[in-house]
Amino acid sequence: MVTRREAAQRLDIPLEMAVRHGIPARLSEEELTELDTTPPAWLVQSRANRTGKKAVWVSLTCDVCGYTETTRPKKWWPSYTYLTCSHHDPDELPAPAAGKSRTEVDGIGDGFIAIVDE
């Protein structure tokens, strides 16, 4: 069984859209394949409206331990040099290059910190 969230990720649509269009909380692989291969009009329209400029889902991966999370990107997220889980020590990452300063940005995904070297 596939959860609604997993279905939304695989169909590349927001979770809110999946709920609004009645995708059930759990569905079988066959149901998801059917939805993807013969999409309803709203999914066809959603795919046609995409410009490709903004991803619907992104995978965040910790550069220290490799933990991965899939989430919706936020406009305010910076372009980062490293991404780390909030429980890791900053010393676990390589030092910034000579002449660069380091800034930490909290609140990326559900528990990541973006490290920005500039």
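1. Tyr67 is partly exposed, with a relative accessible area of 46%. Buried means under 20% relative accessible area, exposed over 50%, and partly exposed in between (1.4 Å probe, protein chains only). Phe112, at 2%, is buried.

2. This is a predicted model, in which local features need pLDDT of at least 70 and side-chain atom pairs count only at pLDDT 80 or more, while totals for chains, interfaces and linings use all residues. Residues are numbered from 1 along each chain as its sequence is written, and side-chain values use heavy atoms, with hydrogens and water left out.

3. The structure holds 1 aromatic pair. The ring centres of Tyr67 and Phe112 are 5.9 Å apart and the planes lie at 25°, so the pair is stacked. For rings of Phe, Tyr and Trp (its six-membered ring), a pair needs centres within 6.5 Å; planes under 30 degrees apart are stacked, over 60 edge-to-face, and the rest tilted.

4. The pair links distant parts of the chain, 45 residues apart: Tyr67 is in the loop between strand S3 (58-61) and strand S4 (68-71), and Phe112 is in strand S7 (residues 112-117). Helices (H or I, at least four residues) and strands (E, at least two) are DSSP runs, numbered from the N terminus.

5. Asp36 belongs to helix H3 (residues 29-37) and is partly exposed, at 35% relative accessibility. Setting aside neighbours within four places in sequence, Asp36 is in contact with Leu11 and Arg47; contact means heavy atoms within 4.5 Å. Asp36 and Leu11 are 25 residues apart along the chain, and their C-alpha atoms are separated by 6.6 Å.
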